[in-house]
Amino acid sequence: MQALTTRAKAVDRRPMTFLERLYLWNILKGMLITFSHIFKKQPTIQYPEQKRPFSPVFRGLHVLNRDEEGRERCTACGLCAVACPAEAITMEAAERLPGEENLYREEKYAARYEINMLRCIFCGLCEEACPKDAIYLSETFAPASFTRQSFIYGKPDLLIPDPKTQPAELAAAKGLS
Amino acid sequence: MEMHLLAIDWMLFAEKLVLIAIIIFASLGIALYTTFAERKVAAILQDRPGPNRAGPFGLLQPFADGLKLIMKEEIIPNHANKWLFILGPGLAMTAALMTCAVIPWGDKVVLFGRNIALQIADVNIGILYVFAVVSLGVYGIMIGGWASNNKFSLMAALRGASQAISYELAMGLSLIALLMLTGTLQLGEIVKQQMQAGHYWNIVYQPLGFLIFIICAFAECNRTPFDLPESENELNMGFHQEYSSMKLGFYLFSEYVNMFISSVIMATLFFGGYDVPFFDEAAHANWGNWLALIGVASIMIKAVIFIFIFMWVRWTIPRFRYDQLMNLGWKKLVPLALINMLITGAVILYFNK
Ligand code: SF4
Ligand code: SF4
């Protein structure tokens with residue numbers, strides 16, 4: 001029969017030799033192997049003190065973007081919700097009223113925008129679907145919590161700080177300060 | 001000393017009481033830290049750092065574990081036999097602790113002008129006592145498993161009982177060869193013989209006997225590779241499946257006490273007990289109490305090495321299958337022990353003629 005890999009080994013069905021039936025020799029060999037591991041380097045990373053850097057394409061928690069003037073970019077088109085394979089996104093659209101041009105970039109905006117982080121699989125399809133560069137996946141992940149409710153992230157949790165009014169917070173969020 | 005026949009020597013009484021308290025607390029403390037050592041050894045053998053959060057180097061971990069177990073809810077299943085259910089872990093723990101009564105922990109110390117032997121009772125049937133009490137330990141498993149009224153626990157209890165009985169046989173036979181050499185059942189006497197000048201440790205005369213003894217000790221302590229009574233994957237935790245809180249803690253803890261005691265017994269019987277190798281105790285008799293303390297340290301170091309071997313084996317090899325266990329016990333160890341006995345007898349006869 002054709003072997004599937006080059007590493008395939010035929011099963012040895014010979015009866016055990018006397019040395020093998022004694023077990024002791026093989027147990028001793030195994031013990032030597034485990035003993036040698038005492039001197040091996042431990043790959044452990046002591047998490048809260050030591051952190052492993054994320055890869056540049058890491059897909060973590062979402063952020064809702066603003067433009068340079070601090071206006072929300074999302075126009076509540078719903079393309080992200082349609083693209084989402086986990087159906088984690090819900091939103092409610094609202095029309096921009098006169099005088100709110102400094103708040104919302106487009107004429108329509110998301111009055112409510114929620115992502116259920118327990119449903120989300122962090123695939124990044126919402127990011128790809130968005131025509132307005134409004135949603136991005138950042139390099140953090142959702143912290144542990146005791147309630148399911150706290151994993152439903154609303155607009156206050158998702159929106160980035162306003163670059164006009166809160167430049168310091170924005171720099172901190174980007175990890176620049 | 002003037003003494004009436006029936007007068008109780010109160011000082012002796014107090015001295016023994018203090019000794020018992022010290023030894024029991026020391027055993028418990030050592031067992032406590034053995035649980036910690038087990039986790040550390042397991043971790044290091046698997047390239048992990050192990051518990052290191054509670055206290056410096058994780059040294060408070062056993063207390064955290066104990067506290068957690070105590071805080072858990074005590075659950076007694078509805079269909080369990082309540083009294084036996086409580087008796088089980090108690091019996092396991094008592095049997096584990098009782099053995100330390102006859103172990104010679106060291107030579108005499110002189111305190112307040114009294115000669116105090118570091119042994120609770122130097123009974124002349126020391127080894128038989130150890131065997132009797134160790135066999136009692138299986139009652140803890142049997143009663144606990146049966147009282148749980150659960151098929152898995154019952155299976156595990158049956159396994160534990162048959163395993164203990166099978167391996168006790170080989171263990172006893174391997175010891176008979178040793179006893180033929182020493183000619184005494186008294187543990188203190190066995191140690192003194194090994195300490196004599198020109199006399200080596202018993203391991204030199206009885207290597208095969210020691211091998212059989214250590215294998216049987218693994219089985220008696222229900223340690224891997226013979227931990228069939230609590231095999232997680234087939235019997236989901238075995239005899240202590242229904243237990244919670246400190247009753248579970250007692251079962252888990254008694255295993256470690258057992259391990260410590262068997263290590264000490266192996267050190268006593270085969271490795272000279274409190275004898276320090278390459279050191280003539282008799283020549284330094286003027287060191288007084290320090291000499292006894294060195295002896296105690298010596299037996300403790302030997303015990304620690306054995307405990308490490310227990311753990312090392314546990315984290316190296318998988319569990320035996322039940323038929324393999326029985327085959328090994330009855331078809332290999334028992335005949336081997338018998339042969340060992342015959343050879344020892346023949347050699348003794350040859351030299352004594
Ligand atoms: S990352 Fe994927 S799963 Fe999560 S919200 Fe976006 S599209 Fe949905
Ligand atoms: S985030 Fe982008 S895709 Fe989603 S509703 Fe807003 S604009 Fe549309």
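This is a predicted model: local features need pLDDT of at least 70, side-chain atom pairs count only at pLDDT 80 or more; totals for chains, interfaces and linings use all residues.
Me: Let me start with the outline of chain A. How many helices and strands does chain A have?

Reply: Chain A has 6 helices and 5 strands. Along the sequence they follow the pattern α-α-β-α-β-β-α-β-β-α-α.

Me: What is the radius of gyration of chain A, and what would a compact globule have?

Reply: Chain A has a radius of gyration of 27 Å. A compact globule of 177 residues would have one near 16 Å. Along the principal axes, the C-alpha atoms of chain A fill roughly 90 × 45 × 35 Å.

Me: Next, salt bridges. What is the general idea?

Reply: Side chains of opposite charge can pair when their charged atoms come close. In this model, a search of the whole structure finds 16 salt bridges over all chains.

Me: Which residue forms a salt bridge with A:Asp67?

Reply: The partner is A:Arg105. Their closest N and O atoms are 4.0 Å apart.

Me: Why does this pair tie together parts that are apart in sequence?

Reply: Look at where the two residues sit. A:Asp67 is in the loop between strand S1 (62–64) and helix H3 (79–83) of chain A. A:Arg105 is in the loop between strand S2 (89–95) and strand S3 (108–116) of that chain. The pair therefore joins parts that are 38 residues apart in sequence.

Me: Are these two residues buried, partly exposed or exposed?

Reply: A:Asp67 is buried, at 2% relative accessible area. A:Arg105 is partly exposed, at 31%.

Me: Which glutamate forms a salt bridge with A:Arg105?

Reply: A:Glu106 does, with the closest N and O atoms 3.4 Å apart.

Me: Can you show me a case in chain B?

Reply: Take B:Glu74 and B:Lys247, whose side chains meet in a salt bridge at 2.4 Å, N to O. B:Glu74 lies in the loop between helix H2 (61–71) and helix H3 (82–98) of chain B, and B:Lys247 in helix H10 (residues 245–270) of chain B, so the pair links parts 173 residues apart in sequence. B:Glu74 counts as partly exposed at 43% relative accessibility. B:Lys247 is buried, at 10%.

Me: Now the ligand. Which residues surround ligand 1?

Reply: Read the shell in sequence order. Among its members are A:His62, A:Cys84, A:Pro85, A:Ala86 and A:Ile89. The shell also includes the run A:Cys120, A:Ile121, A:Phe122, A:Cys123, A:Gly124, A:Leu125 and A:Cys126. By class, the shell has 10 nonpolar residues, 2 polar and no charged.

Me: How do I find empty space?

Reply: Rolling a probe the size of a water molecule over the atoms shows where empty space is left. Here the count comes to 4 cavities of 30 Å³ or more.

Me: How much space lies in the largest cavity?

Reply: About 500 Å³. Of its 36 lining residues, B:Val134, B:Gly137, B:Glu220, B:Cys221 and B:Asn258 are the closest to its centre. H4(B) gives the most to the lining, with 9 residues. The lining divides into 23 nonpolar, 9 polar and 4 charged residues.

Me: And which residues lie nearest the centre of the second largest cavity?

Reply: They are A:Cys74, A:Cys77, A:Cys80, A:Cys130 and A:Ala134, out of 14 lining residues. The second largest cavity holds about 90 Å³ of space. Its lining has 11 nonpolar residues, 2 polar and 1 charged.

Me: Last, pockets. How much space lies in the largest pocket?

Reply: About 750 Å³. Its lining counts 31 residues, with B:Thr35, B:Asp65, B:Leu69, B:Leu252 and B:Tyr256 nearest the centre. H2(B) gives the most, with 8 residues. By class, this lining has 14 nonpolar, 7 polar and 10 charged residues.

Me: What is in the lining of the second largest pocket?

Reply: This pocket has about 630 Å³ of space. Its 27 lining residues come with A:Leu24, A:Ile27, B:Leu211, B:Ile214 and B:Ile215 closest to the centre. H8(B) gives the most, with 7 residues. By class there are 25 nonpolar residues, no polar and 2 charged.

Notes. Residues are numbered from 1 along each chain as its sequence is written. Chains are lettered from A and ligands numbered from 1 in the order in which they are written. Side-chain values use heavy atoms; hydrogens and water are left out. Helices (H or I, at least four residues) and strands (E, at least two) are DSSP runs, numbered from the N terminus. Buried means under 20% relative accessible area, exposed over 50%, partly exposed in between (1.4 Å probe, protein chains only). A residue is near a molecule or strand if one of its heavy atoms lies within 4 Å of it. Ala, Val, Leu, Ile, Met, Phe, Trp, Tyr, Cys and Pro count as nonpolar, Asp, Glu, Lys and Arg as charged, and the others, Gly among them, as polar. On a 1 Å grid over the protein atoms alone, a cavity is a set of points where a 1.4 Å probe fits but cannot get out, and a pocket is an open set with protein on both sides within 12 Å along at least five of seven lines; lining residues have an atom within 4 Å of a point. Grid points are joined across faces, edges and corners, and a volume is the space filled by probe spheres set on the points. The radius of gyration is taken over C-alpha atoms; the globule rule is 2.2 Å times the number of residues to the power 0.38.
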